[in-house]
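Have a look at the model first, then read on.

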Amino acid sequence: MELVQLSKSAALRKEYMSHLPAWRRPIVGYMLSLPLVALFLVLSMLIEQLLRYAYFPGSLLILSVLLSAFIWGVGPALLSLLFCIFALDYFLIPPTWHLDLNTLKDALQLVPFAISGLVIAFITAQRERARLEALAAEYEAKNIADQLEESYLKLEESNEKLQEASQLKDRFLSIASHELKTPITTIRGQAQLLLRRLNKQRELTSEMEGVKKTLEKINEQTGRLTALIDELLDVSSIHAGKMELHKHSSNLVMLCRDIIDDQHLLSGRTITFTAAQPEIMMEIDSDRIGQVVVNLVGNALKYSPPPRPVEVSLNVRQQWAYLRVTDHGNGVPKEQQERIFETFYRAPGAEVSAKGLGLGLAICKEIVERHAGRIWCESQPDVGSTFCVELPLMLCKD
Ligand code: ADP
């Protein structure tokens with residue numbers, strides 16, 4: 001671990017050096033330290049000659065150490081300090097070649113100078129270390145930024161691929177649904193025509209009764225298929241942003257009442273309807289809002305067993321109209337109450353209780369939101385569910 005650290009800091013130092021101009025490299029400092037000390041020594045002696053009194057022998061020499069440290073770093077500064085100590089000892093403090101108390105006292109005069117030089121070298125070493133640490137942090141940050149950019153590019157690439165795949169899926173759904181819709185509509189039309197003809201007959205042979213039952217099944221199943229295909233077509237037009245609204249002034253109460261009457265006739269189930277006022281005029285796409293009501297009432301019937309009733313109510317509060325569809329079925333657990341509005345989401349167990357693709361509520365949500373409204377589910381498991389739709393009364397035309 002330490003070895004890795006060492007080689008890292010050596011590499012950093014090398015990198016740092018490579019950015020310095022040639023004259024600031026330490027090798028130049030080592031070579032110039034002796035001439036520099038000599039220069040400052042000569043200057044010191046000159047000043048001594050000129051002033052004759054009151055001078056500090058070490059002040060100019062310490063300047064040479066300072067310069068070396070500032071320009072070339074700690075190594076050349078230490079070498080300069082060594083040369084300075086020799087120079088001071090040799091030229092400025094009279095040399096004596098035998099060790100006695102006086103020589104020792106003279107030598108002691110050099111100690112403050114040596115300490116000052118060492119302090120300069122120490123500060124320089126700290127500065128170099130801080131610079132290297134800053135460089136290491138800069139490289140680390142650059143490294144992380146590079147990695148982040150790389151992962152961002154990868155993410156963007158996979159995002160693009162996902163989007164392409166999703167567009168391909170939507171195109172496939174749209175083409176397949178269109179291609180399926182025409183033959184199914186023809187089959188259904190023919191079955192309904194034959195059924196009408198058979199219904200006109202006063203009496204049917206047992207063979208013809210069998211044919212009639214088969215035709216009724218064909219009618220029912222192709223009806224289901226048409227509904228599923230319509231849902232798929234709606235979802236692909238929502239995804240492609242091509243769902244158009246054709247708004248006009250409509251009475252929401254009448255719209256709901258008509259749908260509920262139809263649903264009652266078709267299912268034979270009890271559906272109660274209450275409206276706070278006889279008329280709620282709104283600027284809406286009545287086909288699409290009708291689709292929402294059909295879906296919610298259809299789900300209420302689908303997910304609650306007969307003979308439990310379904311209750312539909314319409315209210316107006318301030319600037320909002322509220323539609324509530326309540327059933328007494330199994331309900332929707334709290335954690336799924338948001339998810340059921342997602343495309344293709346079906347609550348666990350839904351496959352057992354009723355058939356479907358999990359698209360109806362997603363389409364309802366889109367339609368309601370396109371009318372600047374809100375849809376949500378309030379439910380208690382084993383008690384039942386209420387699906388609420390809130391629509392602004394002052395809808396603007398788009
Ligand atoms: P589908 O009914 O085709 O599955 P929907 O989008 O209409 O699709 O509904 C999504 C899911 O929400 C259903 O699979 C069902 O689990 C749940 N759900 C919808 N309405 C009700 C309801 N009235 N009671 C209980 N669960 C419901």
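## Ligand contacts

A polar contact here is a pair of N or O atoms within 3.5 Å; within protein, one must be able to donate a hydrogen and the other to accept it, and residues adjacent in sequence count only if both atoms are side-chain atoms. A backbone N or O atom of Gly358 sits 3.2 Å from a ligand oxygen. On the side-chain side, an N or O atom of Lys302 is 3.0 Å from an oxygen of the ligand, and one of Asp327 is 2.8 Å from a ligand nitrogen.

This is a predicted model: local features need pLDDT of at least 70, side-chain atom pairs count only at pLDDT 80 or more, and totals for chains, interfaces and linings use all residues. Residues are numbered from 1 along each chain as its sequence is written, and side-chain values use heavy atoms, with hydrogens and water left out.

## The shell

What surrounds the ligand? There are 20 residues around it (a heavy atom within 4 Å), and the closest are Asn299, Tyr303, Asp327, Arg346 and Leu361. Helix H9 (286-302) gives the most to this shell, three residues (helices are DSSP runs of H or I, at least four residues; strands are runs of E, at least two; both are numbered from the N terminus). Helix H11 (360-370) and strand S7 (384-392) also give two or more.
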